[in-house]
Amino acid sequence: MQWISHLKNLRTIKIEGEIENVSPLRIGSGKAQVLESIADLTVFKIYDPQKRVHTPVIPGSSLKGVLRSQVVANLRTYGIQNICDGLPRATCLEGNEFTRYEGDSGEKYHNILSGYIKVCLACLIFGSPGFSSHLIVNDGYSLNESKLATRTMVAIDRKSGSAKQKSLYTVEYIEPGAKFAFDLIAFNLPNYTIGLISDVLLKIHKGIVSLGSLKTKGFGQMKFNKVEIYVNGKPETQIASLDPFDTLVTIEDSSVEKKLLSFVNAWEKAKEKISEVANRGWNWMLP
Ligand SMILES: [Zn+2]
């Protein structure tokens with residue numbers, strides 16, 4: 001169970017590839033960042049100093065948020081209720097639990113393992129106040145010339161349900177066919193936790209889970225054109241188990257679906273035992 005602590009570098013798994021939007025995509029920046037923008041609500045962009053333009057990116061924080069909320073929802077449908085939402089004031093930790101163990105990470109780790117300080121599986125993967133994440137999702141940079149467009153929307157009065165007067169606004173979005181890099185780094189994560197993440201990636205790939213806003217209008221449907229798995233920087237076909245609940249994963253050089261499913265299988269095999277750990281209040285000590 002050493003992976004739970006951040007004391008030792010056991011392994012780093014990198015999942016990288018290419019993701020493309022098959023329907024309009026809108027991940028907002030909140031307000032217009034660029035002066036020449038004609039839209040009220042622009043898409044999130046970063047400045048490319050070489051091309052001297054602002055290009056859209058998929059913010060890693062946005063994708064990580066989708067992964068976390070979907071993993072939490074999935075765990076609950078599997079019957080694991082003892083899990084937190086990860087929203088402010090709805091996390092396992094407040095951030096001050098470990099202050100007295102400062103300088104003694106061994107004691108901190110032991111208290112998490114024994115469930116004395118409860119940290120649910122979602123917090124172990126994605127982090128919690130005072131506990132570092134085991135997962136990094138990098139920003140997805142644009143790989144081709146993405147086309148931007150705007151659409152005029154009508155603000156609806158939430159109380160009456162009618163369109164407000166003079167309440168038209170324009171939103172900017174990315175036309176289908178934009179390709180972005182996809183880059184996720186799992187530090188010391190067992191295969192079954194990568195299975196939980198892969199399950200969400202599969203749902204994104206199949207259009208069951210969308211990214212960004214305006215989902216009810218069909219926005220944010222994505223597909224993965226390519227997914228590659230690297231262990232400690234090298235392409236690997238056999239990925240060892242990392243704890244007593246984990247299983248070996250064999251990656252074949254095949255489709256995106258099959259690569260992701262091989263990790264989902266590790267979760268399928270682990271879920272009953274993880275459910276028992278959850279029922280014991282996230283006590284990982286074997287009875
Ligand atoms: Zn939690």
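Colleague: Which residue of strand 3 is the bridge partner of lysine 45?
Modeller: That's proline 56, in this predicted model.

Colleague: What makes strand 2 and strand 3 a pair?
Modeller: Two strands count as paired once DSSP finds at least two bridges between them. Strand 2 and strand 3 (residues 53-58) have four, in the antiparallel sense, so they pass.

Colleague: And which order do the strands of that open sheet follow?
Modeller: The order is 2-3-5, three strands with antiparallel pairing. Strand 2 (45-48) and strand 5 (140-141) each have a single partner strand, so one side of each has no neighbour in the sheet, and that's why they stand at the edges.

Colleague: What is the order of the open sheet that five strands form?
Modeller: That one runs 4-8-1-9-10, again with antiparallel pairing. Its edge strands are strand 4 and strand 10 (234-235), each pairing on one side only.

Colleague: What about strand 4 and strand 8, how many bridges join them?
Modeller: Three, and the two strands run antiparallel. Valine 137, for one, has leucine 184 in strand 8 as its bridge partner.

Colleague: Which residues make up the covered face of strand 8?
Modeller: Phe180, Phe182, Leu184 and Ala186 do. The uncovered face holds Lys179, Ala181, Asp183, Ile185 and Phe187.

Colleague: Why is histidine 205 called buried?
Modeller: The cut-off is 20 or more other C-beta atoms within 10 Å. Histidine 205 has 20 such neighbours, so it counts as buried. This residue lies in helix 4, and it touches Lys223, Phe224 and Val256, leaving aside residues up to four places away in sequence.

Colleague: How far apart in space are histidine 205 and glutamate 20?
Modeller: They're 9.5 Å apart, C-alpha to C-alpha, although 185 residues apart in sequence.

Colleague: Where does helix 5 bend?
Modeller: At lysine 271, by about 50°. After the helix comes glycine 281, with a positive phi near 75°.

Colleague: What do the buried residues of helix 5 pack against?
Modeller: They pack against helix 3 (121-126), helix 4 (191-205), strand 9 (222-231) and strand 12 (249-250). Among those buried residues are Leu260, Phe263, Trp267 and Ile274.

Colleague: Which residues touch the most other members of the largest nonpolar core?
Modeller: Out of 65 residues, those are Val71, Val119, Cys120, Leu121, Ala122 and Cys123. Helix 5 gives this core its largest share, nine residues. In soluble globular proteins, nonpolar side chains do tend to be buried together.

Colleague: And what does valine 119 touch?
Modeller: Not counting residues up to four places away in sequence, its contacts are Cys92, Leu93, Ile112, Leu124, Ser128, Phe131 and Trp282.

Definitions and conventions. Residues numbered from 1 in each chain as written. Predicted model: local features only at pLDDT ≥ 70, side-chain atom pairs only at ≥ 80, totals over all residues. Buried ≥ 20, exposed ≤ 12 C-beta atoms within 10 Å, placed from the backbone. Bend = angle between axes of the 7 residues up to and from the residue. Contact = placed C-beta atoms within 7 Å. Core = buried A, V, L, I, M, F, W, Y, C linked by C-beta atoms within 7 Å.
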